[in-house]
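User: I would like to learn how to read the features of a structure, starting from a single residue. Please go through them one at a time.

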Amino acid sequence: MPKGLKYYFTSLTSLKNHTTVWSFDPCSYAFLGEENAFTFRGASDFLDPDFMNKTLAIVPIVLDWVIGNLSCAQAKAANDYACRGNSYCNDSDSGFGGYRCSCNQGYEGNPYLSPGCQGVVFYNEQY
């Protein structure tokens, strides 16, 4: 998928309302995934009752997403800033604007939800 893609729409249609598809499975499948990680094996895939679970387990998907189309500085100035406590902002390199938030070092959690990233507690056990 090209950088800067705003949306992706998949539609499964049948000219005859699925009346001419295989009787054992009147369903259709569509998914987004890494192209080289999936090989369609024809009818054997459709006959496999575990097809969907296997596909979910072996076909990765990586999304390069951003918040809006403003830079970090622009979002802060517009009071439209999504990064919460103990996090920092990274401008997108897509050429279409937008930014992402990440937890500061030593913190973890969701930088988009209040209260933000939380400190990581380390236990030092002595024997």
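**Reading the features**

Analyst: D64 is exposed, because its relative accessible area is 51%; buried means under 20% relative accessible area, exposed over 50%, and partly exposed in between (1.4 Å probe, protein chains only). The model is predicted: local features need pLDDT of at least 70 and side-chain atom pairs count only at pLDDT 80 or more, while totals for chains, interfaces and linings use all residues. Residues are numbered from 1 along each chain as its sequence is written, and side-chain values use heavy atoms, with hydrogens and water left out.

User: Which residue does the side chain of D64 meet in a salt bridge?

Analyst: Side chains of opposite charge can pair when their charged atoms come close. A salt bridge is a side-chain nitrogen of Lys or Arg within 4 Å of a carboxyl oxygen of Asp or Glu. Here D64 meets R100, at 2.9 Å from N to O. The pair links distant parts of the chain, 36 residues apart: D64 is in the loop between α2 (51-58) and α3 (72-77), and R100 is in strand β2 (residues 99-103). R100 counts as partly exposed because its relative accessibility is 27%.

User: How many salt bridges does the structure hold?

Analyst: Two. K54 and D48 also meet through their side chains in a salt bridge, at 2.9 Å from N to O. K54 is partly exposed, since its relative accessible area is 44%.

User: Which residues make up the largest nonpolar core?

Analyst: A nonpolar core is a set of buried Ala, Val, Leu, Ile, Met, Phe, Trp, Tyr and Cys residues joined through side-chain atoms within 4.5 Å. The largest one has seven residues: C72, A75, A82, C83, C89, Y99 and C101. At least two of its residues come from each of α3 and β2. Contact means heavy atoms within 4.5 Å; leaving aside residues up to four places away in sequence, C83 touches Y88, C89, Y99, R100, C101 and P111.

User: How much of the protein is buried?

Analyst: Of the 127 residues, 17% are buried.

Methods. Helices (H or I, at least four residues) and strands (E, at least two) are DSSP runs, numbered from the N terminus.
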